[in-house]
Amino acid sequence: MAPPDQTRKAQTRKPAPDDTASRLLAWYDVHHRELPWRVSPREHARGVRPDPYRIWLSEVMLQQTTVEAVKSYFRVFVEKWPDVEALAAAPTEDIMKAWAGLGYYSRARNLKACADLVATRGGRFPDTEAGLRDLPGIGAYTSAAITAIAFDRPATVVDGNVERVISRLFSITTPLSEAKTEIRAHVEAMVPAARPGDFAQAMMDLGATICTPRRPRCMLCPLRGGCSAVVSGDPENFPVRLPKADKPQRRGAAFVATREDGAVLLRKRPEKGLLGGMTEVPTTGWTARVDGATTQAAAPFPGDWRRVGTITHVFTHFALELEVFYAHIKGDAPAGHFWSRVHEISGEALPTVMKKAIEAAIPGATKKQRPH
Ligand code: SF4
(Lines give C-alpha, C1' and ligand atoms only; values in the text may rest on other atoms or scores of the structure.)
Protein backbone atom coordinates (compact mmCIF):
# COMPACT_ATOMS: atom_id res chain seq x y z
CA MET A 1 0.00 0.00 0.00
CA ALA A 2 1.35 3.52 -0.75
CA PRO A 3 2.38 5.63 2.26
CA PRO A 4 -0.40 8.11 3.28
CA ASP A 5 1.47 11.21 2.06
CA GLN A 6 1.90 9.72 -1.45
CA THR A 7 -1.78 8.74 -1.62
CA ARG A 8 -2.81 12.25 -0.73
CA LYS A 9 -0.48 13.71 -3.35
CA ALA A 10 -2.07 11.50 -6.00
CA GLN A 11 -5.56 12.51 -4.94
CA THR A 12 -4.97 16.27 -4.92
CA ARG A 13 -3.09 16.62 -8.21
CA LYS A 14 -4.61 19.20 -10.50
CA PRO A 15 -6.33 17.75 -13.56
CA ALA A 16 -4.10 17.63 -16.64
CA PRO A 17 -6.10 19.10 -19.56
CA ASP A 18 -5.35 16.26 -22.05
CA ASP A 19 -6.05 13.64 -19.48
CA THR A 20 -9.36 15.30 -18.54
CA ALA A 21 -10.52 15.48 -22.15
CA SER A 22 -9.69 11.86 -22.94
CA ARG A 23 -11.31 10.53 -19.77
CA LEU A 24 -14.37 12.62 -20.38
CA LEU A 25 -14.71 11.53 -24.01
CA ALA A 26 -14.35 7.86 -23.06
CA TRP A 27 -17.11 8.33 -20.50
CA TYR A 28 -19.28 10.22 -23.00
CA ASP A 29 -18.98 7.43 -25.58
CA VAL A 30 -20.81 5.14 -23.18
CA HIS A 31 -22.96 7.43 -21.01
CA HIS A 32 -24.05 10.32 -23.28
CA ARG A 33 -27.68 11.47 -23.11
CA GLU A 34 -29.94 10.71 -26.06
CA LEU A 35 -31.30 14.07 -27.19
CA PRO A 36 -33.52 14.68 -30.22
CA TRP A 37 -31.07 17.16 -31.77
CA ARG A 38 -27.92 15.22 -30.96
CA VAL A 39 -25.73 13.08 -33.20
CA SER A 40 -24.45 10.30 -30.91
CA PRO A 41 -20.73 9.43 -30.78
CA ARG A 42 -21.45 6.19 -32.62
CA GLU A 43 -23.31 8.00 -35.42
CA HIS A 44 -20.54 10.59 -35.50
CA ALA A 45 -17.93 7.86 -35.94
CA ARG A 46 -20.01 6.53 -38.85
CA GLY A 47 -19.76 9.92 -40.55
CA VAL A 48 -23.16 11.37 -39.59
CA ARG A 49 -22.86 15.13 -39.08
CA PRO A 50 -25.20 17.36 -37.06
CA ASP A 51 -27.66 19.60 -38.88
CA PRO A 52 -26.68 23.20 -37.96
CA TYR A 53 -30.37 24.20 -38.12
CA ARG A 54 -31.33 21.68 -35.44
CA ILE A 55 -28.33 22.58 -33.27
CA TRP A 56 -29.10 26.30 -33.54
CA LEU A 57 -32.78 25.74 -32.79
CA SER A 58 -32.02 23.58 -29.74
CA GLU A 59 -29.40 25.99 -28.41
CA VAL A 60 -31.76 28.96 -28.66
CA MET A 61 -34.48 26.96 -26.91
CA LEU A 62 -32.04 25.83 -24.22
CA GLN A 63 -31.11 29.42 -23.30
CA GLN A 64 -32.75 29.77 -19.86
CA THR A 65 -34.79 26.55 -20.26
CA THR A 66 -34.17 22.96 -19.15
CA VAL A 67 -33.47 20.09 -21.53
CA GLU A 68 -36.61 18.27 -20.38
CA ALA A 69 -38.82 21.30 -21.10
CA VAL A 70 -37.22 21.87 -24.50
CA LYS A 71 -37.55 18.32 -25.92
CA SER A 72 -41.26 18.43 -26.79
CA TYR A 73 -41.06 21.99 -28.19
CA PHE A 74 -38.09 21.00 -30.32
CA ARG A 75 -39.99 18.05 -31.79
CA VAL A 76 -42.99 20.23 -32.65
CA PHE A 77 -40.78 22.86 -34.31
CA VAL A 78 -38.82 20.45 -36.50
CA GLU A 79 -41.99 18.66 -37.50
CA LYS A 80 -43.69 21.93 -38.51
CA TRP A 81 -40.55 23.59 -39.87
CA PRO A 82 -37.92 20.99 -40.83
CA ASP A 83 -35.35 23.48 -42.09
CA VAL A 84 -34.42 27.13 -41.80
CA GLU A 85 -36.18 28.09 -45.03
CA ALA A 86 -39.45 26.61 -43.74
CA LEU A 87 -39.09 28.53 -40.48
CA ALA A 88 -38.34 31.75 -42.37
CA ALA A 89 -41.48 31.26 -44.47
CA ALA A 90 -43.70 30.81 -41.36
CA PRO A 91 -45.79 33.75 -40.07
CA THR A 92 -44.33 35.22 -36.86
CA GLU A 93 -47.65 34.63 -35.15
CA ASP A 94 -47.46 30.87 -35.76
CA ILE A 95 -43.95 30.78 -34.32
CA MET A 96 -45.07 32.72 -31.23
CA LYS A 97 -47.95 30.27 -30.75
CA ALA A 98 -45.65 27.26 -31.02
CA TRP A 99 -43.23 28.94 -28.59
CA ALA A 100 -45.91 29.79 -25.99
CA GLY A 101 -44.98 28.35 -22.60
CA LEU A 102 -41.21 28.23 -23.21
CA GLY A 103 -40.72 31.73 -21.77
CA TYR A 104 -38.29 34.54 -22.65
CA TYR A 105 -40.32 35.39 -25.71
CA SER A 106 -37.78 37.73 -27.28
CA ARG A 107 -36.00 34.49 -28.20
CA ALA A 108 -38.90 33.53 -30.49
CA ARG A 109 -38.83 36.90 -32.25
CA ASN A 110 -35.05 36.64 -32.67
CA LEU A 111 -35.46 33.09 -33.91
CA LYS A 112 -37.65 34.33 -36.73
CA ALA A 113 -35.34 37.27 -37.51
CA CYS A 114 -32.34 34.93 -37.59
CA ALA A 115 -34.13 32.39 -39.80
CA ASP A 116 -35.08 35.19 -42.23
CA LEU A 117 -31.47 36.34 -42.48
CA VAL A 118 -29.98 32.86 -42.87
CA ALA A 119 -32.61 31.96 -45.50
CA THR A 120 -31.69 35.02 -47.56
CA ARG A 121 -28.07 33.82 -47.46
CA GLY A 122 -28.87 30.49 -49.03
CA GLY A 123 -29.92 28.71 -45.83
CA ARG A 124 -26.38 28.14 -44.57
CA PHE A 125 -25.37 29.05 -41.04
CA PRO A 126 -21.91 30.58 -40.60
CA ASP A 127 -19.42 28.07 -39.16
CA THR A 128 -17.39 30.50 -37.02
CA GLU A 129 -18.16 32.10 -33.67
CA ALA A 130 -17.75 35.60 -35.11
CA GLY A 131 -20.07 34.86 -38.04
CA LEU A 132 -22.71 33.34 -35.78
CA ARG A 133 -22.54 36.21 -33.28
CA ASP A 134 -23.60 38.60 -36.03
CA LEU A 135 -26.98 36.85 -36.24
CA PRO A 136 -30.00 37.96 -34.15
CA GLY A 137 -30.37 36.21 -30.79
CA ILE A 138 -26.94 34.55 -30.84
CA GLY A 139 -24.57 35.69 -28.10
CA ALA A 140 -21.15 34.52 -26.96
CA TYR A 141 -22.32 31.27 -25.38
CA THR A 142 -24.66 30.17 -28.17
CA SER A 143 -22.14 30.97 -30.91
CA ALA A 144 -19.49 28.88 -29.12
CA ALA A 145 -21.92 25.99 -28.59
CA ILE A 146 -23.03 25.95 -32.26
CA THR A 147 -19.43 26.22 -33.50
CA ALA A 148 -18.39 23.24 -31.40
CA ILE A 149 -21.46 21.03 -31.71
CA ALA A 150 -22.64 21.72 -35.26
CA PHE A 151 -19.25 22.20 -36.91
CA ASP A 152 -16.92 20.27 -34.58
CA ARG A 153 -14.59 23.25 -34.30
CA PRO A 154 -12.71 24.08 -31.08
CA ALA A 155 -14.64 26.62 -28.99
CA THR A 156 -14.85 27.40 -25.30
CA VAL A 157 -18.37 26.40 -24.31
CA VAL A 158 -19.26 27.32 -20.72
CA ASP A 159 -22.81 26.92 -19.46
CA GLY A 160 -24.02 26.55 -15.86
CA ASN A 161 -23.21 22.83 -15.83
CA VAL A 162 -19.67 23.44 -17.02
CA GLU A 163 -19.17 26.22 -14.47
CA ARG A 164 -20.10 23.83 -11.70
CA VAL A 165 -17.79 21.04 -12.92
CA ILE A 166 -14.81 23.37 -13.31
CA SER A 167 -15.44 25.13 -9.97
CA ARG A 168 -15.29 21.73 -8.32
CA LEU A 169 -12.38 20.26 -10.28
CA PHE A 170 -10.22 23.23 -9.28
CA SER A 171 -11.89 24.12 -5.93
CA ILE A 172 -12.40 27.69 -7.09
CA THR A 173 -13.16 29.77 -4.01
CA THR A 174 -13.80 33.04 -5.86
CA PRO A 175 -17.59 33.67 -6.01
CA LEU A 176 -18.96 32.37 -9.30
CA SER A 177 -19.99 35.80 -10.57
CA GLU A 178 -16.35 36.91 -10.40
CA ALA A 179 -14.77 33.63 -11.50
CA LYS A 180 -16.03 33.53 -15.10
CA THR A 181 -12.67 34.42 -16.70
CA GLU A 182 -10.81 31.88 -14.58
CA ILE A 183 -13.32 29.17 -15.46
CA ARG A 184 -13.14 29.95 -19.17
CA ALA A 185 -9.34 29.74 -19.09
CA HIS A 186 -9.52 26.25 -17.57
CA VAL A 187 -12.03 25.07 -20.18
CA GLU A 188 -10.05 26.61 -23.02
CA ALA A 189 -6.97 24.69 -21.89
CA MET A 190 -8.93 21.43 -21.91
CA VAL A 191 -10.65 21.63 -25.32
CA PRO A 192 -9.10 18.86 -27.44
CA ALA A 193 -8.15 19.32 -31.08
CA ALA A 194 -10.03 16.12 -31.94
CA ARG A 195 -13.80 15.89 -31.17
CA PRO A 196 -14.24 19.38 -29.66
CA GLY A 197 -18.00 19.11 -30.25
CA ASP A 198 -18.29 15.87 -28.29
CA PHE A 199 -16.08 17.35 -25.59
CA ALA A 200 -18.44 20.32 -25.17
CA GLN A 201 -21.45 18.01 -24.97
CA ALA A 202 -19.64 15.65 -22.61
CA MET A 203 -18.94 18.49 -20.17
CA MET A 204 -22.61 19.47 -20.25
CA ASP A 205 -23.73 15.87 -19.76
CA LEU A 206 -21.33 15.33 -16.87
CA GLY A 207 -22.70 18.42 -15.10
CA ALA A 208 -26.30 17.42 -15.80
CA THR A 209 -26.08 13.76 -14.78
CA ILE A 210 -23.06 13.20 -12.49
CA CYS A 211 -21.70 16.50 -11.14
CA THR A 212 -25.17 17.68 -10.20
CA PRO A 213 -25.83 20.72 -7.98
CA ARG A 214 -26.88 18.48 -5.08
CA ARG A 215 -25.42 15.11 -4.22
CA PRO A 216 -22.93 14.77 -7.07
CA ARG A 217 -22.27 11.13 -7.89
CA CYS A 218 -18.51 11.35 -7.48
CA MET A 219 -18.06 7.57 -7.28
CA LEU A 220 -19.19 7.33 -10.91
CA CYS A 221 -17.28 10.37 -12.15
CA PRO A 222 -14.57 9.87 -14.77
CA LEU A 223 -12.74 12.96 -13.46
CA ARG A 224 -12.70 11.93 -9.84
CA GLY A 225 -8.94 11.26 -9.84
CA GLY A 226 -8.16 14.89 -10.68
CA CYS A 227 -10.91 16.61 -8.72
CA SER A 228 -9.83 18.73 -5.80
CA ALA A 229 -13.37 19.37 -4.47
CA VAL A 230 -13.91 15.67 -3.90
CA VAL A 231 -10.79 15.61 -1.76
CA SER A 232 -12.18 18.48 0.32
CA GLY A 233 -15.04 16.15 1.23
CA ASP A 234 -17.88 18.48 0.30
CA PRO A 235 -18.10 19.24 -3.43
CA GLU A 236 -21.52 20.83 -2.89
CA ASN A 237 -19.70 23.85 -1.46
CA PHE A 238 -18.71 24.70 -5.05
CA PRO A 239 -19.38 26.87 -6.95
CA VAL A 240 -19.21 29.57 -4.29
CA ARG A 241 -22.15 31.96 -4.64
CA LEU A 242 -22.87 35.34 -3.12
CA PRO A 243 -26.18 35.50 -1.23
CA LYS A 244 -29.12 36.19 -3.56
CA ALA A 245 -31.01 39.45 -3.24
CA ASP A 246 -34.76 39.04 -2.79
CA LYS A 247 -36.77 39.70 -5.95
CA PRO A 248 -38.99 42.77 -5.89
CA GLN A 249 -42.71 42.04 -5.73
CA ARG A 250 -45.22 43.50 -8.19
CA ARG A 251 -48.97 43.28 -8.15
CA GLY A 252 -51.86 43.62 -10.54
CA ALA A 253 -55.18 42.17 -11.63
CA ALA A 254 -56.20 39.95 -14.54
CA PHE A 255 -59.71 39.85 -16.01
CA VAL A 256 -60.91 36.63 -17.61
CA ALA A 257 -64.10 37.23 -19.58
CA THR A 258 -66.12 34.56 -21.41
CA ARG A 259 -68.89 34.68 -23.98
CA GLU A 260 -71.98 32.44 -23.95
CA ASP A 261 -70.27 29.76 -26.04
CA GLY A 262 -67.29 29.65 -23.64
CA ALA A 263 -64.93 31.70 -25.85
CA VAL A 264 -62.35 33.68 -23.83
CA LEU A 265 -61.56 37.33 -24.45
CA LEU A 266 -57.93 37.95 -25.30
CA ARG A 267 -55.68 40.66 -26.66
CA LYS A 268 -52.15 40.96 -27.95
CA ARG A 269 -49.44 42.60 -25.86
CA PRO A 270 -47.34 45.37 -27.42
CA GLU A 271 -44.47 44.08 -29.57
CA LYS A 272 -41.81 45.68 -27.37
CA GLY A 273 -41.20 44.93 -23.71
CA LEU A 274 -41.89 42.02 -21.38
CA LEU A 275 -43.80 39.17 -23.10
CA GLY A 276 -43.79 41.37 -26.20
CA GLY A 277 -46.14 40.23 -28.98
CA MET A 278 -47.63 37.46 -26.83
CA THR A 279 -51.32 37.03 -26.07
CA GLU A 280 -52.95 37.88 -22.72
CA VAL A 281 -56.24 38.33 -20.95
CA PRO A 282 -56.88 41.99 -20.11
CA THR A 283 -54.77 43.00 -17.11
CA THR A 284 -53.95 46.13 -15.20
CA GLY A 285 -50.38 47.42 -15.12
CA TRP A 286 -48.07 45.50 -12.81
CA THR A 287 -46.80 47.83 -10.14
CA ALA A 288 -44.58 47.61 -7.09
CA ARG A 289 -47.13 49.57 -5.05
CA VAL A 290 -49.19 47.62 -2.54
CA ASP A 291 -52.10 49.93 -3.40
CA GLY A 292 -51.82 49.06 -7.09
CA ALA A 293 -55.09 48.67 -8.95
CA THR A 294 -55.96 45.10 -8.05
CA THR A 295 -59.71 45.32 -7.50
CA GLN A 296 -62.62 44.81 -9.87
CA ALA A 297 -62.89 48.59 -10.07
CA ALA A 298 -59.82 48.40 -12.33
CA ALA A 299 -61.63 46.22 -14.91
CA PRO A 300 -61.12 47.55 -18.45
CA PHE A 301 -64.86 47.27 -19.24
CA PRO A 302 -68.09 46.72 -17.26
CA GLY A 303 -69.08 43.20 -16.22
CA ASP A 304 -70.33 41.14 -13.34
CA TRP A 305 -66.79 40.55 -12.12
CA ARG A 306 -66.15 38.18 -9.27
CA ARG A 307 -62.78 37.40 -7.73
CA VAL A 308 -61.75 33.78 -8.32
CA GLY A 309 -58.26 33.66 -6.85
CA THR A 310 -54.69 34.86 -6.84
CA ILE A 311 -51.88 33.53 -8.98
CA THR A 312 -48.16 34.10 -8.66
CA HIS A 313 -45.42 33.96 -11.24
CA VAL A 314 -41.70 34.60 -10.94
CA PHE A 315 -39.96 36.48 -13.74
CA THR A 316 -36.21 37.02 -13.94
CA HIS A 317 -36.31 40.42 -12.26
CA PHE A 318 -39.47 40.39 -10.17
CA ALA A 319 -42.18 38.23 -8.67
CA LEU A 320 -45.76 38.93 -9.74
CA GLU A 321 -48.99 38.42 -7.87
CA LEU A 322 -52.20 38.79 -9.89
CA GLU A 323 -55.72 38.92 -8.50
CA VAL A 324 -57.91 37.10 -11.01
CA PHE A 325 -61.49 38.20 -11.78
CA TYR A 326 -64.02 36.39 -13.91
CA ALA A 327 -67.21 37.49 -15.70
CA HIS A 328 -69.51 36.50 -18.57
CA ILE A 329 -70.00 39.37 -20.98
CA LYS A 330 -72.30 39.87 -23.94
CA GLY A 331 -71.75 41.48 -27.28
CA ASP A 332 -68.78 42.06 -29.52
CA ALA A 333 -65.21 42.05 -28.31
CA PRO A 334 -64.13 45.53 -27.14
CA ALA A 335 -61.70 47.36 -29.42
CA GLY A 336 -58.26 45.75 -29.45
CA HIS A 337 -59.56 42.42 -28.10
CA PHE A 338 -60.67 39.19 -29.77
CA TRP A 339 -62.60 36.06 -28.83
CA SER A 340 -60.72 32.78 -28.73
CA ARG A 341 -63.06 29.82 -28.96
CA VAL A 342 -62.80 26.88 -26.57
CA HIS A 343 -60.84 24.67 -28.99
CA GLU A 344 -58.55 27.54 -30.02
CA ILE A 345 -57.30 28.61 -26.60
CA SER A 346 -54.60 25.93 -26.23
CA GLY A 347 -53.09 27.07 -29.55
CA GLU A 348 -52.90 30.78 -28.64
CA ALA A 349 -49.54 32.42 -27.89
CA LEU A 350 -50.30 32.51 -24.17
CA PRO A 351 -47.30 32.80 -21.83
CA THR A 352 -47.38 30.63 -18.69
CA VAL A 353 -48.49 33.49 -16.44
CA MET A 354 -51.58 34.03 -18.60
CA LYS A 355 -52.37 30.33 -18.71
CA LYS A 356 -52.28 30.38 -14.91
CA ALA A 357 -54.73 33.32 -14.82
CA ILE A 358 -57.16 31.61 -17.21
CA GLU A 359 -56.90 28.30 -15.36
CA ALA A 360 -57.72 30.08 -12.08
CA ALA A 361 -61.01 31.21 -13.63
CA ILE A 362 -61.78 28.24 -15.92
CA PRO A 363 -59.93 25.07 -14.89
CA GLY A 364 -58.80 23.03 -17.92
CA ALA A 365 -59.45 25.83 -20.42
CA THR A 366 -55.87 26.04 -21.71
CA LYS A 367 -55.61 22.28 -22.31
CA LYS A 368 -56.37 20.96 -25.77
CA GLN A 369 -60.15 20.78 -26.41
CA ARG A 370 -62.06 19.36 -29.36
CA PRO A 371 -64.07 21.75 -31.55
CA HIS A 372 -67.78 21.59 -30.81
S1 SF4 B 1 -15.51 14.06 -8.63
FE2 SF4 B 1 -17.49 14.77 -7.94
S3 SF4 B 1 -17.25 16.96 -7.64
FE4 SF4 B 1 -15.50 16.30 -8.83
S5 SF4 B 1 -16.11 16.68 -10.96
FE6 SF4 B 1 -16.65 14.57 -10.48
S7 SF4 B 1 -18.78 14.62 -9.77
FE8 SF4 B 1 -17.98 16.71 -9.72
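Me: Which helices supply at least two residues each to the lining of the largest pocket?
Reply: This is a predicted model. In it, helix H4 (52-62), helix H5 (67-80), helix H10 (140-151) and helix H13 (196-209) each supply at least two.

Me: Which element gives the largest share of that lining?
Reply: H13, with four residues.

Me: How many residues line the largest pocket, and which lie nearest its centre?
Reply: The lining has 25 residues. Nearest the centre are Leu62, Gln64, Thr65, Asp159 and Asn161.

Me: How much space is in there?
Reply: The largest pocket holds about 870 Å³.

Me: And how does its lining divide by class?
Reply: The lining of the largest pocket has 10 nonpolar, six polar and nine charged residues.

Me: Next, the second largest pocket. What volume?
Reply: About 450 Å³. The second largest pocket is lined by 22 residues, and Gly103, Tyr104, Leu274, Phe315 and Thr316 are the closest to its centre.

Me: Which elements give two or more residues to that lining?
Reply: Helix H8 (106-120), strand E4 (306-314) and helix H15 (352-361).

Me: What classes line the second largest pocket?
Reply: Its lining splits into 10 nonpolar, 10 polar and two charged residues.

Me: Back to Tyr104. What is its phi?
Reply: Near 45°, which is positive in a residue other than glycine. Tyr104 lies in the loop between helix H7 (92-99) and H8.

Me: How accessible is Tyr104?
Reply: Tyr104 is partly exposed, at a relative accessible area of 38%.

Me: What about Arg215, what's the phi there?
Reply: Arg215 also has a phi near 45°, again positive and not in a glycine. The loop between H13 and H14 holds Arg215.

Me: Is Arg215 buried or exposed?
Reply: Exposed, with a relative accessible area of 70%.

Me: Where does the ligand sit?
Reply: In the largest cavity. That cavity has a volume of about 130 Å³.

Me: Which residues are around the ligand?
Reply: Arg168, Ile210, Cys211, Cys218, Cys221, Arg224, Cys227 and Pro235. By class, this shell has six nonpolar, no polar and two charged residues.

Me: What lines the largest cavity?
Reply: Its lining has 14 residues, and Arg168, Cys211, Cys218, Cys221 and Cys227 lie nearest the centre. Helix H11 (residues 160-169) gives the largest share, three residues. The lining counts 12 nonpolar, no polar and two charged residues.

Me: How many cavities of 30 Å³ or more in the whole structure?
Reply: The search finds three.

Me: Switching to H12. Which of its residues are buried?
Reply: In helix H12 (residues 180-190), Ile183, Val187 and Met190 are buried. Seen down the helix axis, the buried residues of H12 fall within an arc of 60°, so they line one face.

Me: What is exposed on the other side of H12?
Reply: Thr181 and Glu188.

Me: Where's the cis peptide bond?
Reply: Between Phe238 and Pro239, with omega at about -5°. Pro239 is in the loop between helix H14 (228-232) and strand E1 (249-258).

Me: Overall picture, then. How many helices and strands?
Reply: The protein has 15 helices and six strands. Its C-alpha atoms fill a box of roughly 85 × 50 × 35 Å along the principal axes.

Me: And what percentage of the residues is buried?
Reply: Of the 372 residues, 48% are buried.

Conventions. Residues numbered from 1 in each chain as written. Predicted model: local features only at pLDDT ≥ 70, side-chain atom pairs only at ≥ 80, totals over all residues. Heavy atoms only, no water. Near = heavy atom within 4 Å. 1 Å grid on protein atoms, 1.4 Å probe; cavity = no way out; pocket = protein on both sides within 12 Å on 5 of 7 lines; lining within 4 Å. Sits in = over half its atoms within 2 Å of the grid points. Nonpolar A, V, L, I, M, F, W, Y, C, P; charged D, E, K, R; others polar. Buried < 20%, exposed > 50% of the residue type's maximum accessible area, 1.4 Å probe, protein only. Arc of directions from axis to C-beta. Points joined across faces, edges and corners; volume = space filled by probe spheres on them.
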